[in-house]
Amino acid sequence: MNMSGNRIIVAVASEDVEAMMTFAVDEALRTGSDLHLVHVLYLPGVMLPETYSIAYTSARQYAVTLLEHAEKVATELVAGRVAVTTELVERSGSAVSDLAVRSREARLVVLQHRHLEGLQRFTTTSTTLGVAARAHPPVASVPQGWQPAEPPHGRVTVGVSSPERADAVLRTAFDLAQGRGARLRVLHAWWLASGYDVVVVDDEMRRDFDRHFRSEIAPHLEPLQREFPDVDVEIVVVHAPPAVGLVEGAVESDLVVVGRRHWALPVGSHVGAVARAMLRTTVCPVVLVETTSTLEAAPA
């Protein structure tokens with residue numbers, strides 16, 4: 001994981017913070033990181049001045065209440081073992097930009113993924129996707145209402161599409177698995193880009209794809225297995241559309257790790273279809289990691 005900072009940014013957007021805070025506090029205690037709770041106060045500037053002033057005052061009072069509640073929850077959970085600080089960002093032009101800027105000195109950004117329905121989903125921009133595309137460290141998305149399994153499943157699943165672009169994702173997955181004392185499942189799903197997939201694919205082709213992926217991933221896993229000798233690794237290759245294969249393969253996992261940047265997209269969010277599917281459907285937290293190697297220049 002990104003070790004440039006020793007704090008975890010937690011984006012507070014609602015009163016329902018228990019799931020997100022449980023995950024964030026667990027990571028903070030595991031890594032000895034402080035927690036910094038951030039609420040971004042944003043109001044669209046399309047109202048009349050007097051209306052805007054009244055709305056802003058009310059919104060600010062509500063924002064202060066949200067932060068105070070989140071701080072209380074976090075403080076009780078950490079029990080003095082790490083520091084908890086808060087920040088209210090006022091007069092913001094963009095919650096995504098403000099959170100991305102604050103992520104520069106953090107090791108992790110934690111947000112809660114809300115279950116939006118109907119027009120609410122259609123008309124609401126996903127802050128999680130925006131931050132995931134722009135933040136510097138890994139970004140954790142915690143499903144609304146999530147609770148850790150008791151007992152834990154003892155497994156972290158990492159989705160790998162292209163081994164040569166997976167080093168940063170794999171390193172983060174190994175680090176998270178080691179911190180949890182969990183097994184690591186390296187999952188690759190493949191599917192022919194053709195309507196004839198079900199006709200031309202047979203058992204021999206499945207075995208060939210399995211052998212090919214294992215040989216490609218081996219040089220990327222070997223140095224990490226030496227660095228993290230306590231992490232048991234299993235490689236799973238499935239014949240399924242990538243999003244479907246990863247969602248199904250991540251069942252009974254405590255955490256899923258995926259790359260967030262779609263390398264073939266020169267502009268836009270850079271969050272690929274598989275990462276989006278994981279955010280929408282996975283019942284456990286998802287950590288999105290920049291797939292560009294630290295030795296490479298990120299695309300403009």
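Biologist: Where is Ala-79 found?

Modeller: Ala-79 sits in the loop between α2 (49-78) and β3 (84-89). Please keep in mind that this is a predicted model.

Biologist: What makes Ala-79 count as exposed?

Modeller: Its relative accessibility is 56%, and exposed means over 50%, so Ala-79 counts as exposed. Phi of Ala-79 is near 50 degrees, which is a positive value in a residue other than glycine. Most residues other than glycine have a negative phi.

Biologist: Which value of phi does Glu-252 have, and where is its place?

Modeller: Phi of Glu-252 is near 60 degrees, a positive value in a residue other than glycine. Glu-252 belongs to the loop between α9 and β9 (255-259).

Biologist: Why is Glu-252 called exposed?

Modeller: The relative accessible area of Glu-252 is 52%. The cut-off for exposed is over 50%, so Glu-252 is exposed.

Biologist: What joins Glu-150 and Pro-151?

Modeller: A cis peptide bond joins them, with omega about -5 degrees. Most peptide bonds are trans. Pro-151 lies in the loop between β5 (139-143) and β6 (155-159).

Biologist: Let's turn to the helices. How do you know that the span of α8 agrees with its number of residues?

Modeller: Helix α8 (residues 203-227) has 25 residues, and at 1.5 Å a residue these should span 36 Å. The end C-alpha atoms of α8 are 35 Å apart, so the two values agree.

Biologist: Where does α8 bend?

Modeller: The bend in α8 is at Ala-218 and comes to about 45 degrees. A proline, Pro-219, follows within four residues.

Biologist: Which residues of α8 are buried, and what do they pack against?

Modeller: Phe-213, Ile-217, His-220, Leu-221 and Leu-224 are buried in α8. The buried residues of α8 pack against α6 (167-180), β7 (183-190) and β8 (233-239). An α-helix has 3.6 residues a turn, so residues three or four places apart point the same way.

Biologist: What makes α9 oblique to α10?

Modeller: Helix α9 (residues 242-249) and helix α10 (residues 273-281) pack at an angle of about 40 degrees, and their axes are 9 Å apart. Angles under 35 degrees count as roughly parallel and 65 to 115 as roughly perpendicular, so α9 is oblique to α10. On the α9 side, the contact is made by Pro-242, Ala-243, Leu-246 and Val-247. Val-274, Ala-277, Met-278 and Thr-281 make it on the α10 side. The crossing of α9 and α10 is right-handed.

Biologist: How do you know that Gly-245 is buried?

Modeller: Gly-245 is found in helix α9. Its relative accessibility is 4%, and buried means under 20%, so Gly-245 counts as buried. Leaving aside neighbours within four places in sequence, Gly-245 is in contact with Leu-187, Ala-189, Val-238 and Ala-240.

Biologist: Why does Val-40 count as buried?

Modeller: Val-40 lies in strand β2 (residues 34-40). Its relative accessibility is 14%, and the cut-off for buried is under 20%, so Val-40 counts as buried. Apart from neighbours within four places in sequence, Val-40 is in contact with Val-89, Ser-92, Ala-95, Asp-98 and Leu-99.

Biologist: How many helices and strands does the protein chain have?

Modeller: The secondary structure comes to 10 helices and 10 strands. Buried residues make up 45% of the 300 residues in the protein chain.

Terms used. Residues numbered from 1 in each chain as written. Predicted model: local features only at pLDDT ≥ 70, side-chain atom pairs only at ≥ 80, totals over all residues. Heavy atoms only, no water. Helix = DSSP H or I, 4+ residues; strand = E, 2+ residues; numbered from the N terminus. Expected span 1.5 Å × (residues − 1). Bend = angle between axes of the 7 residues up to and from the residue. Buried < 20%, exposed > 50% of the residue type's maximum accessible area, 1.4 Å probe, protein only. Contact = heavy atoms within 4.5 Å. Axes fitted to C-alpha atoms, helices over the stretch in contact; angles between N-to-C directions. Parallel < 35°, antiparallel > 145°, perpendicular 65-115°, else oblique. Left-handed = near helix turned anticlockwise from the far one by under 90°.
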